[in-house]
Amino acid sequence: MIVLSNNGQLTDNGQLMTTITERLKQIRAQISDAELACNRQPGSVLLLAVSKTKPAEDLAAAYQAGQRHFGENYLQEALKKQQELGAYAITWHFIGPIQSNKTKPLATHFDWVHSVDSLKIARRLSEQRPTHLPPLNICLQVNISDEPSKSGITLAELPQLCEQVAKLPNLKLRGVMAIPAPQDDFEQQRQPYKTLYQAVANLKQPSLDTFSFGMTGDLKAAIAEGSTIVRIGTALFGERDYA
Ligand SMILES: *Cc1c(COP(=O)(O)O)cnc(C)c1O
(Lines give C-alpha, C1' and ligand atoms only; values in the text may rest on other atoms or scores of the structure.)
Protein backbone atom coordinates (compact mmCIF):
# COMPACT_ATOMS: atom_id res chain seq x y z
CA MET A 1 0.00 0.00 0.00
CA ILE A 2 1.25 3.48 -0.84
CA VAL A 3 1.19 6.10 1.91
CA LEU A 4 2.83 9.45 2.60
CA SER A 5 6.11 9.30 4.48
CA ASN A 6 7.24 11.92 7.00
CA ASN A 7 8.66 14.17 4.30
CA GLY A 8 5.49 13.99 2.25
CA GLN A 9 6.85 11.57 -0.32
CA LEU A 10 5.03 8.47 -1.36
CA THR A 11 6.41 5.24 -0.04
CA ASP A 12 5.43 1.64 0.58
CA ASN A 13 4.45 1.10 4.17
CA GLY A 14 2.62 -2.18 4.51
CA GLN A 15 3.18 -2.63 8.24
CA LEU A 16 1.77 0.77 9.22
CA MET A 17 -1.22 0.19 6.97
CA THR A 18 -1.89 -3.22 8.51
CA THR A 19 -1.64 -1.91 12.08
CA ILE A 20 -3.88 1.09 11.55
CA THR A 21 -6.43 -0.83 9.49
CA GLU A 22 -6.66 -3.46 12.22
CA ARG A 23 -7.03 -0.89 15.02
CA LEU A 24 -9.67 1.03 13.07
CA LYS A 25 -11.64 -2.17 12.62
CA GLN A 26 -11.48 -2.86 16.38
CA ILE A 27 -12.56 0.67 17.32
CA ARG A 28 -15.45 0.60 14.84
CA ALA A 29 -16.54 -2.72 16.34
CA GLN A 30 -16.36 -1.25 19.86
CA ILE A 31 -18.52 1.67 18.75
CA SER A 32 -21.09 -0.65 17.14
CA ASP A 33 -21.19 -2.84 20.25
CA ALA A 34 -21.70 0.21 22.46
CA GLU A 35 -24.48 1.53 20.20
CA LEU A 36 -26.18 -1.85 20.32
CA ALA A 37 -25.75 -2.21 24.10
CA CYS A 38 -27.75 0.96 24.78
CA ASN A 39 -30.23 0.70 21.91
CA ARG A 40 -28.70 3.53 19.96
CA GLN A 41 -29.22 3.54 16.23
CA PRO A 42 -26.34 1.82 14.39
CA GLY A 43 -24.08 4.43 12.84
CA SER A 44 -25.25 7.26 15.10
CA VAL A 45 -21.77 7.79 16.58
CA LEU A 46 -19.06 9.33 14.40
CA LEU A 47 -15.44 8.30 14.91
CA LEU A 48 -13.09 11.28 15.01
CA ALA A 49 -9.46 10.18 14.63
CA VAL A 50 -7.34 12.36 16.96
CA SER A 51 -3.97 12.66 15.29
CA LYS A 52 -2.08 15.23 17.38
CA THR A 53 1.71 14.58 17.49
CA LYS A 54 1.35 11.91 14.77
CA PRO A 55 2.95 12.25 11.31
CA ALA A 56 0.96 12.74 8.11
CA GLU A 57 1.76 9.18 7.05
CA ASP A 58 -0.30 7.84 9.97
CA LEU A 59 -3.27 9.94 8.88
CA ALA A 60 -2.79 8.83 5.28
CA ALA A 61 -2.87 5.19 6.38
CA ALA A 62 -6.10 5.76 8.33
CA TYR A 63 -7.57 7.61 5.36
CA GLN A 64 -6.78 4.74 3.07
CA ALA A 65 -8.53 2.46 5.55
CA GLY A 66 -11.66 4.60 5.17
CA GLN A 67 -11.31 7.21 7.95
CA ARG A 68 -12.40 10.71 6.88
CA HIS A 69 -12.72 12.84 10.04
CA PHE A 70 -9.51 13.91 11.80
CA GLY A 71 -9.06 16.01 14.95
CA GLU A 72 -6.02 18.15 15.75
CA ASN A 73 -5.06 20.18 18.84
CA TYR A 74 -2.15 22.34 17.75
CA LEU A 75 -2.68 24.86 14.98
CA GLN A 76 0.78 24.97 13.36
CA GLU A 77 1.07 21.20 13.40
CA ALA A 78 -2.40 20.85 11.90
CA LEU A 79 -1.78 23.35 9.10
CA LYS A 80 1.38 21.51 8.10
CA LYS A 81 -0.44 18.18 7.89
CA GLN A 82 -3.31 19.78 5.96
CA GLN A 83 -0.78 20.86 3.33
CA GLU A 84 0.85 17.44 3.19
CA LEU A 85 -2.55 15.79 2.85
CA GLY A 86 -4.04 18.35 0.50
CA ALA A 87 -5.09 15.70 -2.01
CA TYR A 88 -7.27 13.88 0.55
CA ALA A 89 -10.95 14.70 1.14
CA ILE A 90 -10.57 15.07 4.91
CA THR A 91 -13.01 16.77 7.26
CA TRP A 92 -10.83 18.66 9.75
CA HIS A 93 -11.88 19.22 13.37
CA PHE A 94 -10.01 21.49 15.77
CA ILE A 95 -10.26 20.23 19.36
CA GLY A 96 -7.45 22.09 21.18
CA PRO A 97 -7.22 25.28 23.25
CA ILE A 98 -7.85 28.42 21.18
CA GLN A 99 -5.77 31.59 21.36
CA SER A 100 -7.84 34.57 20.30
CA ASN A 101 -5.10 35.86 17.96
CA LYS A 102 -5.15 32.51 16.08
CA THR A 103 -8.81 32.40 15.14
CA LYS A 104 -8.36 33.37 11.49
CA PRO A 105 -6.54 30.19 10.37
CA LEU A 106 -9.06 28.18 12.38
CA ALA A 107 -11.95 29.89 10.62
CA THR A 108 -10.27 29.37 7.26
CA HIS A 109 -8.88 25.84 7.41
CA PHE A 110 -11.27 23.78 9.54
CA ASP A 111 -14.78 22.36 9.16
CA TRP A 112 -15.44 22.02 12.89
CA VAL A 113 -14.18 23.66 16.10
CA HIS A 114 -15.09 21.72 19.28
CA SER A 115 -13.34 23.89 21.85
CA VAL A 116 -15.11 27.26 21.75
CA ASP A 117 -15.38 28.63 25.30
CA SER A 118 -16.12 32.35 24.96
CA LEU A 119 -18.31 34.75 23.01
CA LYS A 120 -15.19 36.66 22.00
CA ILE A 121 -13.70 33.61 20.27
CA ALA A 122 -17.02 32.73 18.64
CA ARG A 123 -17.48 36.27 17.30
CA ARG A 124 -14.00 36.27 15.80
CA LEU A 125 -14.56 32.88 14.18
CA SER A 126 -17.81 34.10 12.66
CA GLU A 127 -16.27 37.36 11.38
CA GLN A 128 -13.27 35.54 9.94
CA ARG A 129 -15.08 32.61 8.33
CA PRO A 130 -14.62 33.04 4.56
CA THR A 131 -18.02 33.63 2.99
CA HIS A 132 -17.45 31.11 0.18
CA LEU A 133 -17.31 28.33 2.79
CA PRO A 134 -20.32 26.82 4.58
CA PRO A 135 -20.86 27.96 8.18
CA LEU A 136 -18.23 26.67 10.61
CA ASN A 137 -19.59 23.88 12.82
CA ILE A 138 -19.18 24.77 16.48
CA CYS A 139 -19.30 22.94 19.79
CA LEU A 140 -19.04 24.77 23.09
CA GLN A 141 -16.55 23.18 25.46
CA VAL A 142 -18.00 22.66 28.92
CA ASN A 143 -15.75 22.07 31.92
CA ILE A 144 -18.14 19.52 33.32
CA SER A 145 -15.96 18.27 36.17
CA ASP A 146 -15.22 21.89 37.20
CA GLU A 147 -11.50 21.28 37.04
CA PRO A 148 -9.71 24.60 37.56
CA SER A 149 -6.91 23.63 35.14
CA LYS A 150 -9.23 22.74 32.26
CA SER A 151 -10.65 25.11 29.72
CA GLY A 152 -14.36 25.32 29.08
CA ILE A 153 -17.38 27.18 30.36
CA THR A 154 -19.40 26.15 33.41
CA LEU A 155 -22.80 24.51 33.10
CA ALA A 156 -24.35 27.71 34.45
CA GLU A 157 -22.88 29.69 31.56
CA LEU A 158 -24.16 27.30 28.90
CA PRO A 159 -27.68 28.66 28.21
CA GLN A 160 -26.61 32.25 27.63
CA LEU A 161 -23.56 31.40 25.52
CA CYS A 162 -25.68 29.03 23.40
CA GLU A 163 -28.17 31.77 22.75
CA GLN A 164 -25.47 34.26 21.77
CA VAL A 165 -23.42 31.92 19.58
CA ALA A 166 -26.52 30.61 17.79
CA LYS A 167 -27.10 34.12 16.43
CA LEU A 168 -23.68 34.51 14.80
CA PRO A 169 -24.10 34.41 11.02
CA ASN A 170 -21.16 32.34 9.80
CA LEU A 171 -21.27 29.69 12.50
CA LYS A 172 -23.52 26.69 12.95
CA LEU A 173 -23.83 25.89 16.64
CA ARG A 174 -24.01 22.09 16.78
CA GLY A 175 -23.62 21.16 20.45
CA VAL A 176 -21.15 20.60 23.25
CA MET A 177 -17.77 19.02 23.91
CA ALA A 178 -16.52 17.78 27.27
CA ILE A 179 -13.35 16.24 28.68
CA PRO A 180 -14.32 15.00 32.16
CA ALA A 181 -11.73 14.18 34.80
CA PRO A 182 -10.47 10.63 34.13
CA GLN A 183 -12.26 7.85 36.04
CA ASP A 184 -11.76 4.08 35.93
CA ASP A 185 -15.25 3.14 37.03
CA PHE A 186 -17.89 2.85 34.28
CA GLU A 187 -20.73 4.39 36.32
CA GLN A 188 -18.52 7.28 37.40
CA GLN A 189 -17.48 7.83 33.80
CA ARG A 190 -21.13 8.16 32.78
CA GLN A 191 -22.15 10.75 35.37
CA PRO A 192 -20.67 13.97 33.92
CA TYR A 193 -21.92 13.10 30.43
CA LYS A 194 -25.42 12.42 31.78
CA THR A 195 -25.47 15.80 33.52
CA LEU A 196 -24.33 17.69 30.43
CA TYR A 197 -26.66 15.80 28.09
CA GLN A 198 -29.61 16.72 30.30
CA ALA A 199 -28.53 20.36 30.45
CA VAL A 200 -28.50 20.53 26.65
CA ALA A 201 -31.85 18.73 26.41
CA ASN A 202 -33.31 21.34 28.77
CA LEU A 203 -32.38 24.10 26.31
CA LYS A 204 -34.96 22.63 23.89
CA GLN A 205 -33.01 23.63 20.79
CA PRO A 206 -33.43 20.84 18.25
CA SER A 207 -30.56 22.23 16.16
CA LEU A 208 -28.15 21.11 18.90
CA ASP A 209 -27.50 17.61 17.57
CA THR A 210 -23.89 17.01 18.60
CA PHE A 211 -22.37 15.61 21.77
CA SER A 212 -18.59 15.41 21.40
CA PHE A 213 -18.15 12.95 24.26
CA GLY A 214 -15.62 10.19 24.83
CA MET A 215 -11.97 9.31 24.26
CA THR A 216 -10.01 6.05 24.27
CA GLY A 217 -10.58 5.46 28.00
CA ASP A 218 -14.32 6.14 28.27
CA LEU A 219 -15.82 5.59 24.82
CA LYS A 220 -18.43 3.11 26.02
CA ALA A 221 -19.71 5.29 28.87
CA ALA A 222 -19.83 8.31 26.55
CA ILE A 223 -21.92 6.41 23.98
CA ALA A 224 -24.25 5.21 26.73
CA GLU A 225 -24.88 8.87 27.60
CA GLY A 226 -25.62 10.13 24.11
CA SER A 227 -22.26 10.79 22.44
CA THR A 228 -22.51 11.48 18.72
CA ILE A 229 -18.76 12.02 18.15
CA VAL A 230 -16.06 10.02 19.95
CA ARG A 231 -12.55 11.49 19.76
CA ILE A 232 -10.09 8.60 19.65
CA GLY A 233 -6.32 9.02 19.58
CA THR A 234 -4.35 6.42 21.52
CA ALA A 235 -6.42 3.37 20.54
CA LEU A 236 -5.91 4.20 16.86
CA PHE A 237 -2.45 5.73 16.55
CA GLY A 238 -0.77 4.39 19.72
CA GLU A 239 0.73 6.28 22.66
CA ARG A 240 1.81 9.86 21.98
CA ASP A 241 5.40 10.98 22.37
CA TYR A 242 5.54 14.65 23.39
CA ALA A 243 9.34 14.73 23.63
C1 LIG B 1 -5.82 14.04 22.79
C2 LIG B 1 -7.28 14.24 22.84
C3 LIG B 1 -8.17 13.18 22.60
C4 LIG B 1 -7.74 11.76 22.33
O5 LIG B 1 -7.42 11.13 23.54
P6 LIG B 1 -7.08 9.55 23.61
O7 LIG B 1 -7.18 9.24 25.07
O8 LIG B 1 -5.68 9.42 23.10
O9 LIG B 1 -8.05 8.83 22.79
C10 LIG B 1 -9.53 13.47 22.59
N11 LIG B 1 -10.00 14.71 22.82
C12 LIG B 1 -9.17 15.75 23.07
C13 LIG B 1 -9.76 17.10 23.31
C14 LIG B 1 -7.80 15.55 23.09
O15 LIG B 1 -7.00 16.60 23.35
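## Around the ligand

The shell of residues around the ligand divides into 5 nonpolar, 4 polar and 3 charged; Ala, Val, Leu, Ile, Met, Phe, Trp, Tyr, Cys and Pro count as nonpolar, Asp, Glu, Lys and Arg as charged, and the others, Gly among them, as polar. This is a predicted model, where local features need pLDDT of at least 70 and side-chain atom pairs 80 or more, while totals for chains, interfaces and linings use all residues. Residues are numbered from 1 along each chain as its sequence is written, and side-chain values use heavy atoms, leaving out hydrogens and water.

Among the residues surrounding the ligand are V50, K52, N73, I95 and G233 (a heavy atom within 4 Å counts as near).

## Polar contacts and cover

On its own the ligand has 380 Å² of accessible area, and the protein covers 89% of that (Shrake-Rupley method, 1.4 Å probe).

## Salt bridges

The whole structure holds 7 salt bridges, each a side-chain nitrogen of Lys or Arg within 4 Å of a carboxyl oxygen of Asp or Glu. One of them joins K81 to E72, with the closest N and O atoms 2.9 Å apart. Both partners are buried (under 20% relative accessible area, 1.4 Å probe, protein chains only): K81 has 4% and E72 has 0%. Another salt bridge links K80 and E84, at 4.0 Å from N to O.

Technical notes. Buried < 20%, exposed > 50% of the residue type's maximum accessible area, 1.4 Å probe, protein only.
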